[in-house]
Amino acid sequence: MPRPTLPLPDPPRSLGSDQAAELSGHAEAALCRQRRELAESLEAALGHIPWPLRGAVRRVLGL
Amino acid sequence: MSAKSDTHSEIVKLARLLHVEQDSLAYLGGVPAQDLREYREQIVDLLYDDDREQLSRAAEAARLLPAATLAKIGERALGPLICAHLSGLLDPERAAEIARHFATEFLTELAAEMDPRRAVAVIAATPPETVVTIAVAMARRGEHVAMGRFVAHLDDATLTEAIEQLSDEDLLQVAFVLEGERAHERMFELAGAERMRAMLAGAKGAHLEEEATHLRDNLSATQRKRLQAKTAK
């Protein structure tokens, strides 16, 4: 899976370094959670696709 | 307008976006609202563009399958988050066609995760009665932040119907996180001064005083006078 497309944004400048790191940690966790969900969901979705179309869908998805 | 209240509103929105408790972002209380808004917009770009390449291929694959089949796959396997991201990449008419096959509960969860930058076209292609049903269901789930994103995209008739069906408490909470230029003023005009007075009067009992102050502060001077005029009688 091609990643990442964007860097984590810089937290607001008025934050101290500890708080900035904490906020970035939340952003990174949200991104990781979303990536994990995407990977698991796409794999699970293939099992629900009617078999004559499964190969074509896999090819389109690049899986 | 209260800077503290604007900042708190932004913290509520950011917490929802990052799926964390508001209390865990309490240290942002001293950050100007504008800085938090800009940061939140960058997080939206990050989260909704990160999976764009792969989901664009999934959207391409979706063209091979009938809407009912896609809805079944979406509901049983993909889940609301991925479906929400996908919906922003599909042709809006196609997205609305697929959405007609979803159960209301699933559609409600999906709506709460939709890309706020691309939701307008999908909402426009969705029947107004469905939009209102989803709005009420979202309120029941406490998804006021997501509702606040979409208000600006609703036409007057749909928004008026939604306002009529939502409780005063829900409207106050949506108003606290409302997005869009002059969105509070528009809400006032569609709800009417009488409903607004009732909402504001009941805020204290509902422990929503900050929300009420935020709403009042975002009304025009003329609208605030209209509220006071009746109060003075």
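Trainee: Which way does α3(B) pass α4(B), left-handed or right-handed?
Mentor: The crossing is left-handed. A crossing gets that label if the near helix is turned anticlockwise from the far one by less than a right angle, and it is right-handed if clockwise. The helices themselves are DSSP runs of H or I with at least four residues, numbered from the N terminus, while strands are runs of E with at least two.

Trainee: Which residues make that contact?
Mentor: On α3(B), Leu55(B), Ala58(B), Ala59(B) and Ala62(B). On α4(B), the partners are Leu70(B), His85(B) and Leu86(B). Contact means that the C-beta atoms, placed from the backbone, lie within 7 Å. By class, this contact has six nonpolar residues, one polar and no charged. Here Ala, Val, Leu, Ile, Met, Phe, Trp, Tyr, Cys and Pro count as nonpolar, Asp, Glu, Lys and Arg as charged, and the others, Gly among them, as polar.

Trainee: What is the packing angle of α3(B) and α4(B)?
Mentor: About 145°, with the axes 12 Å apart. Axes are lines fitted to C-alpha atoms, for helices over the stretch in contact, and angles run from 0 to 180 degrees between N-to-C directions.

Trainee: What sort of model is this, and how do I read the labels?
Mentor: This is a predicted model, where local features need pLDDT of at least 70, side-chain atom pairs count only at pLDDT 80 or more, and totals for chains, interfaces and linings use all residues. Residues are numbered from 1 along each chain as its sequence is written, and chains are lettered from A and ligands numbered from 1 in the order in which they are written.

Trainee: Back to α3(B). Which of its residues are buried?
Mentor: Gln54(B), Leu55(B), Ala58(B), Ala59(B), Ala61(B) and Ala62(B). They sit on the same side of α3(B), because they cover an arc of only 160° around the axis. The arc is that of the directions from the helix axis to the C-beta atoms. Buried means 20 or more other C-beta atoms within 10 Å of a residue's own, exposed means 12 or fewer, and partly exposed is in between, with C-beta atoms placed from the backbone.

Trainee: What about α5(B), which residues are buried there?
Mentor: In α5(B), residues 92-99, they are Ala95(B), Ala96(B), Ile98(B) and Ala99(B). Their arc is only 160° too, so they share the same side of α5(B). They pack against α4, α6 (104-112) and α7 (119-124) of chain B.

Trainee: New topic. How many residues does each chain put into the contact between A and B?
Mentor: Chain B gives 34 and chain A gives 33. On chain B, α2 (33-50), α3 (52-62) and α4 (67-87) each supply at least two. The largest share of that side, ten residues, comes from α2(B). By class, the side has 18 nonpolar, six polar and ten charged residues.

Trainee: At what angle do α1(A) and α2(B) cross?
Mentor: Roughly 20°, and their axes come within 10 Å. That makes α1(A) roughly parallel to α2(B). The label covers angles under 35 degrees; over 145 is roughly antiparallel, 65 to 115 roughly perpendicular, and the rest oblique. The crossing is right-handed. Ala27(A), Ala30(A), Leu31(A) and Gln34(A) meet Ile43(B), Leu46(B), Leu47(B) and Asp50(B) there.

Trainee: Where is His19(B), and what is its phi?
Mentor: His19(B) is in the loop between α1 (3-18) and α2 of chain B. Its phi is positive, about 60°, although it is not a glycine. Most residues other than glycine have a negative phi. His19(B) is exposed, because 12 other C-beta atoms lie within 10 Å.

Trainee: And Arg182(B), where is that one?
Mentor: In the loop between α11 (168-176) and α12 (183-191) of chain B. With 13 C-beta neighbours inside 10 Å, Arg182(B) counts as partly exposed.

Trainee: Last one. Is Phe150(B) buried or exposed?
Mentor: Buried, because 25 other C-beta atoms lie within 10 Å. Phe150(B) lies in α9(B), residues 144-150. Not counting residues up to four places away in sequence, Phe150(B) touches Ala119(B) and Ile123(B).

Note on methods:
Contact = placed C-beta atoms within 7 Å.
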